Amino acid sequence: MRNLLRDERSWVVLVLALAAFIPVLAPMLDSPATVGLATRIAIYAIAASSLNLLLGQGGLVSFGHAAYFGLGGYVVGILYAHYISEEPFLGFIPGSNDLLVTMPLAILVGGIGAAIIGALSLRTAGVQFIMITLAFAQMLFFLFVSLKTYGGDDGLAIRRVAPMLGMNLRDPATLYWLCLGLLAFWLFLMDRIARSRFGRILAGVRQGERRMAAIGVRTYPYKLVAFVIAGMGAAMAGALMVNYARFVSPDMMHWTKSGELMVMVILGGLGTLLGPVLGAAALVGLEYTLAGLTEHWQFILGPILVVIVLFARGGLMGAVRRIAGRRLPHEAQPLPPGELPLGELPSGELPREPARHG
Amino acid sequence: MALLLEQLLNGIQLGVTLFLLAAGLTLVFGIMGVINLAHGSLYMIGAYAAAVTATATGSAILSLLAGLAAAAAIGMLLEYVVLRRLYARDHLDQVLATFGLILFFNQGMVLLFGRQPLFVNVPEALQGFVRVLPGIDYPIYRLVIILVGLLVALGLYLLIQRTRIGMLVRAGATHREMVRALGVDVRLLYTLVFGLGALLAGLAGLMAGPILSVQPGMGEQILITTFVVVVIGGIGSVRGALFGAVLVGLVDTILRAYVPGLLRQVMEGSEADALGAGLASMGVYLLMALVLLVKPRGLFPAHA
């Protein structure tokens, strides 16, 4: 029993199982808005968990993750627009409003986008990597802002959602269970990855890329595959979000959205399985609560974030574990540059060239 | 031809504004190793302080002083309270904490001054146009911005290369431990460098006030472009910041001026304008991606 409690996976199962009862409990507690809130949390949890694969596992600080979230959303939105106008996209791809068609396509497009951006960005490291991922996300953002055919700044609305496999996705509870099911599937995948050889190499990249190179591992392909998987997860979340909100706009890929996804990961606990889920729940819940208190909720949220970064290392999962009296499995963090032993570099920095004298 | 010259001058003026921001950002990064997303907030604070003072007193000199003082004071306070705790942290923590600061400052400005943009007049002494070439008139105010920017660039060069403080700054950037071991108060030095960066950001903000509207969130629009400048120029290099800023300013302005016109020849007017504006906005990011792919550490890496 005690071992079961120590295993993070049993906690994930417990949280997801409890979360499945929300649509049943919400009407009893007379708060039907809760289901919508829970749907948003489940969707953001998928996106945050996909980002966690890069941030927490690989130590790759991508500041443009909202790009894939938005790409997935736009695949759904654009296919719907062509479904309504009955003109094929690019002249040969027929539009669709069937999630069974649009979601796999969204995931595919997200993966392709991440493959292109990742292949270029991963040639840099450190701050340059943060900034180049941000730059590519900004490019996509401005591209969709300027596409007047697909609504430009105003975005696209989606009115008719088709049933999928006999499920009526217009019913909030059904859509919620679908999102929760996909979240469960995604977390299972993330857990398998973390425990695989691939996952261990990613963790090695985070802890010391030079060491990985020294033991003969070419890290670039591993990082790229992680980047693509993360992009696909974010695109899946984006497709779900557009089905939930029935609306897609460039705001989905705004750089503050990338920032929010990062906040969720950190808030929940970097490199943990359940952390991004808790982080998504905490941030969405906090925004909802503060927005109910005051219009100026960001004035309160900002300092809360600063305090969390400064004083609460390990996020919510860290707090849970401290209460449970157990160390984080992924606690190994890169040392600050000043404390590195000679010959070591913090992860994410390019190996410096030796100084040339004379 | 007249249009091209005017656009070139506009590009240099934007570049100079970007340089004032980028210089502070690149110094702070090169010396303290901190990514400060809240740098744009200091730009906004400078603009607001100057705008409010100008409205209240009508004096251009007082408004200049208020903008500089507010940005520098809040900048140093920020360093003392928050940023100095982030020097030893990894980039992820720095990005998140300063992201929180952005939310705080933007919403704080909404609380204090509302969402409506403030409009600022060009100081009376600098109103009007000057003939730069036969047949071409250019606003005096924009020329003054260019002049101020170039003077700051010269001043920074002299400060960093020719003074004792500059020597400590250079030494602190490359051999932090050794400088500390020699008995220099590195923490004070860092606070001063941060204050200088904040002062320059405030200067950029207060000068941009009469050209753009002063509103919450104005800092982030220019901040991301400033990061492009810093990365293109090479992080930590003031020379790179100047070069990158003028390059980015020119590329951005020229693309914005000419891309919609070119597109209009192949497609319909309003769509061409929208797509052209979008493509022009993408231009500087494309430039940065290209530069990084060829030179991953930027054009003038500081510690090469």
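Student: Which residues does V277(A) touch, not counting residues up to four places away in sequence?

Tutor: This is a predicted model, in which local features need pLDDT of at least 70, side-chain atom pairs count only at pLDDT 80 or more, and totals for chains, interfaces and linings use all residues. Residues are numbered from 1 along each chain as its sequence is written, while chains are lettered from A and ligands numbered from 1 in the order in which they are written. V277(A) belongs to helix 13 (residues 275–293) of chain A, helices (H or I, at least four residues) and strands (E, at least two) being DSSP runs numbered from the N terminus. With contact defined as C-beta atoms, placed from the backbone, within 7 Å, the residues touched by V277(A) are V15(A), A45(A), S49(A) and G268(A).

Student: What separates the C-alpha atoms of V277(A) and S49(A)?

Tutor: V277(A) and S49(A) lie 228 residues apart along the chain. S49(A) is also one of the residues that V277(A) touches. The separation of their C-alpha atoms is 7.1 Å.

Student: Why does V277(A) count as buried?

Tutor: A residue is buried if 20 or more other C-beta atoms, placed from the backbone, lie within 10 Å of its own, exposed if 12 or fewer, and partly exposed in between. V277(A) counts as buried because its C-beta neighbours inside 10 Å number 31.

Student: Is R246(A) buried, partly exposed or exposed?

Tutor: R246(A) sits in the loop between helix 11 (219–245) and strand 2 (247–248) of chain A. Although R246(A) is not a glycine, its phi is positive, about 55°. R246(A) has 16 C-beta neighbours inside 10 Å and therefore counts as partly exposed.

Student: Which helix of chain A supplies the largest share of the side that touches chain B?

Tutor: In the contact between the chains, 43 residues of chain A meet 43 residues of chain B. Helix 7 (126–146), helix 12 (255–268) and helix 14 (297–311) of chain A each supply at least two residues of that side of chain A. By class, this side has 31 nonpolar, ten polar and two charged residues, where Ala, Val, Leu, Ile, Met, Phe, Trp, Tyr, Cys and Pro count as nonpolar, Asp, Glu, Lys and Arg as charged, and the others, Gly among them, as polar. The largest share, 14 residues, comes from helix 7 of chain A.

Student: How many bridges join strand 1 of chain B and strand 2 of chain B?

Tutor: In strand 2 of chain B, D137(B) is the bridge partner of R131(B). The hairpin has two residues between the strands, and G135(B) takes a positive phi near 85° there. Strands pair if DSSP finds at least two bridges between them; here the pairing with strand 2 (residues 136–139) of chain B is antiparallel, and the bridges number four.

Student: How many nonpolar, polar and charged residues form the contact of helix 2 of chain B with helix 3 of chain B?

Tutor: Helix 2 (residues 39–57) of chain B and helix 3 (residues 60–81) of chain B pack at about 145°, with axes 7 Å apart; axes are lines fitted to C-alpha atoms over the stretch in contact, and angles run from 0 to 180 degrees between N-to-C directions. Among the contact residues are L42(B) and I45(B) of helix 2 of chain B and L62(B) and I74(B) of helix 3 of chain B. The contact divides into 14 nonpolar, six polar and no charged residues.

Note on methods: Two residues are in contact if their C-beta atoms, placed from the backbone, lie within 7 Å.
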